[in-house]
Amino acid sequence: MADDYLVRIGKLIRDARQHRGWTQTQLAEALGTSQSAVNRIERGNQNISLEMIARIGEALDSEIVSLGYAGPMHLRVVGGRRLSGAIDVKTSKNACVALLCASLLNKGRTVLRRVARIEEVYRLLEVLNSIGVRTRWINDGVDLELVPPAELEMAAIDAEAAVRTRSIIMFFGPLLHRMDHFKLPYAGGCDLGTRTIEPHMIALRRFGLDIAATEGQYHARVDRSVRPDRPIVLTERGDTVTENALLAAARHDGVTVIRNASSNYMVQDLCFFLEALGVRVEGIGTTTLTVHGVPNIDVDVDYSPSEDPVEAMSLLAAAVVTESELTVRRVPIEFLEIELAVLEEMGLDHDRSPEYFADNGRTRLVDLTVRPSKLEAPIDKIHPMPFPGLNIDNVPFFAAIAAVAQGKTLIHDWVYDNRAIYLTDLNRLGGRLQLLDPHRVLVEGPTRWRAAEMMCPPALRPAVVVLLAMMAAEGTSVLRNVYVINRGYEDLAERLNTIGAQIEIFRDI
């Protein structure tokens, strides 16, 4: 039995190392040991202490084993089953994390309705709690209440939680109005290649924020004499960049014009929330936002973030890949129109209900019913564009959809350095994906999916794509260490089981 555990642990370590892109020699250097020792560990031929397992997990940034609490979560998937019935889309992960950061603008009580209970939210709550914000789940754990302290305790910040979420960078905008200098840990999140925060800094320097990055921390100082005296032009039309600029402008005493702004769903939700705080925002849904700031915000606010278009796309893709008839309810149609237009050209059989409003009173929703369809590869390549183009986060789902279509599809994921590489994990499940370069993948279909056991990719959307392919594959598959999926989806396995999937959650260490 002991030897069996050593083999299983060795396999987990090997998979985590390969997903990190490291050789055995690189891991050995990080651990201060030899390549031959790493080789023996991965083959299960060497006794290994809990301390060494923890050190390896830290070096690879992977929950190989967790000391003091339950170990990493895995999924066992019995595939080849048809889905049926109806499922509701939950609130937006990206909107919720932006609103948690935005709550730091307010001295009063903030209540957010139907907040996504996901790991990304939990990490931000741990950070907020550590600096003195009182949070509690109310109304049977459905809604979230936040009450800030008079003074934030930045010296007590939970660095371990902070480095596991990239959303921490959206603290810059609110905090620059609350203190003249502060420190934040480096941003983490999905492994999507090198992502600089320079576009954030270009925007926030206009509010007097200066940042030096040393020793794993951002050291921030604010010069109160600096004010944005002309429009801020963002150097990239990014969602979090736009949100950070909005958060900084919200308490600026004056009018701030932000150009080349993202008009994506989470940005719109943030704008609606700022309006609930008393901040007037003109141009919502466009690339030019005019913010009439309020220097002191002290209100009790109650807000309902809208539904998540990326989760909606996940569920639509699940129906397509498993050749199922499924109704997906509460779909934010404004943010899926391009995706649906592409799917219609590929031959998707679907219909939609009349439009109705989300609980925020602004976002348009529909119910979509998808039926089994004979899909053809699109003539043009699949590539993302800023809203209202095809959503960046929806691109990976087209890899699974293209894999069940007749013909070859070129997917060009030009935004992130590494994400297209992770899509080739579908080849282990029977897919035929050819990596042309770090950004382009050629997908050939149709695919005869087959079951496999594999490590979860370290990026959220490719990880879900692998899960969907496992649901379509005859036989039993295992997806190990699914923390990254839990970062962005609430109870995804359990919810898929309610519409006909057979997914078991288990832990083996």
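1. Arg136 has Glu145 as its bridge partner in strand 5. Glu145 also stands opposite Val111. Helices and strands here are DSSP runs numbered from the N terminus (H or I, at least four residues, for helices; E, at least two, for strands).

2. The model is predicted: local features need pLDDT of at least 70, side-chain atom pairs count only at pLDDT 80 or more, and totals for chains, interfaces and linings use all residues. Residues are numbered from 1 along each chain as its sequence is written, and side-chain values use heavy atoms, with hydrogens and water left out.

3. Strand 5 pairs with two other strands, where pairing requires that DSSP find at least two bridges between the strands. With strand 4 (residues 134–138) the arrangement is antiparallel over five bridges. With strand 3 (residues 110–112) it is also antiparallel, over three bridges. Strands 4 and 5 form a hairpin with four residues between them, and Asn139 in that turn has a positive phi of about 55°.

4. Is strand 5 (residues 143–147) mostly covered or mostly open? It is mostly covered, five of its five residues being buried. Buried denotes a relative accessible area under 20%, exposed over 50% and partly exposed in between, with a 1.4 Å probe and protein chains only. Asp143, Glu145 and Val147 point one way from the strand, whereas Leu144 and Leu146 point the other way; residues on both sides are buried.

5. Leu184 belongs to strand 6 (residues 181–185) and is buried, at a relative accessible area of 1%. Apart from neighbours within four places in sequence, its contacts include Met154, Ile157, Ile168, Phe171, Phe172 and Leu175, as well as Gln217 and Tyr218; contact means heavy atoms within 4.5 Å. The C-alpha atoms of Leu184 and Ala220 are separated by 8.0 Å, although these residues are 36 apart along the chain.

6. Asn394, in the loop between strand 17 (364–371) and helix 14 (395–403), is buried with a relative accessible area of 0%. Its side chain makes a polar contact of 2.9 Å with the side chain of Glu339. A polar contact is a pair of N or O atoms within 3.5 Å; within protein, one must be able to donate a hydrogen and the other to accept it, and residues adjacent in sequence count only if both atoms are side-chain atoms. Leaving aside neighbours within four places in sequence, Asn394 touches Pro309, Val310, Met313, Leu336 and Glu339.

7. Rings of Phe, Tyr and Trp (its six-membered ring) pair if their centres lie within 6.5 Å; planes under 30 degrees apart are stacked, over 60 edge-to-face and the rest tilted. By this rule there are five aromatic pairs. In one of them, the rings of Phe172 and Phe182 have centres 6.2 Å apart and planes at 40°, so the pair is tilted. Phe172 is in helix 8 (residues 172–175) and Phe182 in strand 6, 10 residues apart. Phe172 is buried at 0%, and Phe182 at 5%. Tyr265 and Phe335 form an edge-to-face pair, 6.0 Å centre to centre with 65° between the planes. Because Tyr265 lies in helix 11 (residues 265–276) and Phe335 in the loop between strand 14 (326–332) and helix 13 (337–346), this pair ties together parts 70 residues apart in sequence. Ring pairs also link Phe172, Phe182 and Tyr218 into a cluster.

8. The charged end of Arg76 sits over the ring of Phe506, 4.0 Å from its centre. The criterion is NZ of Lys or CZ of Arg within 6 Å of the ring centre and within 35 degrees of the ring normal.
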